[in-house]
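Notebook open, model loaded. I want the overall build first, then a handful of residues one by one.

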Amino acid sequence: HLHVTTRLGKGGEYQKAFGDLQAAAQAASLPQSRLWGMLSGDIQHFVLVAEYVDLAAFDAGFTAAQANAEFMAAWRRSLELVDEHPWYEVWQTVD
């Protein structure tokens with residue numbers, strides 16, 4: 001999960017930027033994410049969720065994304081709309 005908090009009033013613009021980011025990811029055959037938004041509470045907070053089969057796949061996708069110029073350009077444009085640096089959580093099943 002990647003958490004972002006947009007600047008006040010920039011949530012709609014961030015959703016468009018996320019669409020651009022996903023288009024760049026798809027064009028480069030990078031992993032796709034889904035965008036989740038709050039229904040109440042901090043409505044400026046969004047979570048990008050992607051699923052990977054294991055940590056090696058997460059690492060490979062992360063490395064490939066950072067190496068792709070078009071994806072990184074879209075990523076940097078999306079960061080212009082956030083208030084604080086995004087942060088990651090990596091979850092795993094425990095059953």
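**Charges.** I placed each charge at NZ of Lys, CZ of Arg, CG of Asp or CD of Glu. On that basis I get 6 positive and 12 negative side chains in the protein, and the centres of the two sets lie 11 Å apart. A reminder to myself: this is a predicted model.

**Overall build.** I looked up the secondary structure and found three helices and four strands. Read from the N terminus, the order is β-α-β-β-α-α-β. The radius of gyration is 13 Å, close to the 12 Å of the globule rule for 95 residues, so the protein is as compact as a globular protein of that length. Along the principal axes, the C-alpha atoms fill a box of roughly 35 × 35 × 20 Å.

I then checked burial and surface. Buried residues are 33% of the 95 in the protein. The accessible surface is about 6500 Å², and 56% of that belongs to carbon and sulfur atoms. For contacts between residues at least 6 apart in sequence, I note that 68% join residues at least 24 apart.

Which side chains make polar contacts with the side chain of His3? One is His45, at 2.9 Å. Another is Glu89, at 3.0 Å. His3 lies in strand β1, residues 2-5. With a relative accessible area of 11%, under the 20% cut-off, His3 is buried. Leaving out residues up to four places away in sequence, I list its neighbours as His45, Phe46, Val47, Pro86, Trp87 and Glu89.

Thr5 is in strand β1 too. I read 10% relative accessibility for Thr5, so I put it down as buried. The side chain of Thr5 makes a polar contact of 3.2 Å with the side chain of His45. Beyond four places in sequence, Thr5 touches Asp42, Gln44, His45, Val82, Asp83, Glu84 and Trp87. Trp87 turns up in the contact list of His3 and in that of Thr5.

Is Lys16 buried or exposed? Its relative accessibility is 55%, over the 50% cut-off, so Lys16 counts as exposed. Lys16 is found in helix α1, residues 11-27.

Apart from residues up to four places away, Ala17 touches Ser78 and Leu81. The C-alpha atoms of Ala17 and Trp75 are separated by 8.3 Å, at 58 residues apart along the chain.

Further along helix α1 I stopped at Gln22. At 10% relative accessibility, Gln22 is buried. Its contacts beyond four places in sequence are Gln32 and Ser33. To Pro86, 64 residues away along the chain, the C-alpha separation from Gln22 is 17 Å.

Where is Ser29? I found Ser29 in the loop between α1 and β2, the latter being residues 34-37. Its phi is near 55°, a positive value in a residue other than glycine. I flagged this because most residues other than glycine have a negative phi. Ser29 has 68% relative accessibility, so it counts as exposed.

Pro86 belongs to the loop between α3 (69-79) and β4 (87-88). Which residues does Pro86 touch, not counting those up to four places away in sequence? My list is Leu2, His3, Val4, Trp75 and Leu79. Pro86 is buried, at a relative accessible area of 9%. Between Pro86 and Trp36 I get 14 Å, C-alpha to C-alpha, for a pair 50 residues apart in sequence.

Notes
Residues are numbered from 1 along each chain as its sequence is written. This is a predicted model: local features need pLDDT of at least 70, side-chain atom pairs count only at pLDDT 80 or more; totals for chains, interfaces and linings use all residues. Side-chain values use heavy atoms; hydrogens and water are left out. Helices (H or I, at least four residues) and strands (E, at least two) are DSSP runs, numbered from the N terminus. The radius of gyration is taken over C-alpha atoms; the globule rule is 2.2 Å times the number of residues to the power 0.38. Buried means under 20% relative accessible area, exposed over 50%, partly exposed in between (1.4 Å probe, protein chains only). Contact means heavy atoms within 4.5 Å. Accessible areas come from the Shrake-Rupley method with a 1.4 Å probe; for residues, only the protein chains shown count as cover. Lys and Arg count as positive and Asp and Glu as negative; His and the chain ends are not counted. A polar contact is a pair of N or O atoms within 3.5 Å; within protein, one must be able to donate a hydrogen and the other to accept it, and residues adjacent in sequence count only if both atoms are side-chain atoms.
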